[in-house]
Amino acid sequence: AAAAAAAASVSGLLRAVAQERGAPVYRGGPSIEDVVREELRPLLKEWLDLNLPPLVERLVRAEIERVVGRAIGG
């Protein structure tokens with residue numbers, strides 16, 4: 001799903017660039033890094049919203065178990 005979303009985002013970026021080819025190039029405009037960052041931001045947010053809570057929960061649980069195990073066994 002993430003790969004499909006990334007591919008769709010890149011396709012959208014390529015379409016936007018193709019449409020703007022006729023536009024004049026000027027200094028001070030957005031860099032390719034700026035454009036890519038803006039395109040990736042919603043994908044990254046979606047991935048983090050989906051995956052970060054269970055990841056944090058798993059890591060916190062493991063750390064609590066490690067500390068409690070040290071307190072009991074140590």
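# Briefing: a two-helix chain

The protein chain contains two helices and zero strands. The model is predicted. Helix 1 covers residues 2-19 and helix 2 covers residues 32-73.

**Surface and burial**

- The protein chain has 74 residues, and 3% of them count as buried.
- Its accessible surface amounts to about 6500 Å².
- Carbon and sulfur atoms account for 65% of that surface.

**How the helices meet**

- The axes of helix 1 and helix 2 approach to within 10 Å, with a crossing angle of roughly 145 degrees.
- The crossing of these two helices is right-handed.
- On the helix 1 side, the contact involves A5, A6, S9 and L13.
- On the helix 2 side, V35, V36, E39 and L43 take part.
- By class, the residues of this contact are six nonpolar, one polar and one charged.

- S9 is a residue of helix 1.
- S9 counts as buried because its relative accessibility is 10%, and the cut-off for buried is under 20%.
- Leaving aside residues up to four places away in sequence, S9 touches E39 and L43.
- Both E39 and L43 belong to the helix 2 side of the contact.
- The side chain of S9 also reaches the backbone oxygen of E39, at 3.4 Å.

Notes: Residues numbered from 1 in each chain as written. Predicted model: local features only at pLDDT ≥ 70, side-chain atom pairs only at ≥ 80, totals over all residues. Heavy atoms only, no water. Axes fitted to C-alpha atoms, helices over the stretch in contact; angles between N-to-C directions. Helix = DSSP H or I, 4+ residues; strand = E, 2+ residues; numbered from the N terminus. Left-handed = near helix turned anticlockwise from the far one by under 90°. Contact = heavy atoms within 4.5 Å. Nonpolar A, V, L, I, M, F, W, Y, C, P; charged D, E, K, R; others polar. Buried < 20%, exposed > 50% of the residue type's maximum accessible area, 1.4 Å probe, protein only. Areas by Shrake-Rupley, 256 points an atom, 1.4 Å probe, with all protein chains shown as cover. Polar contact = N/O pair within 3.5 Å; in protein donor to acceptor, adjacent residues only side chain to side chain.
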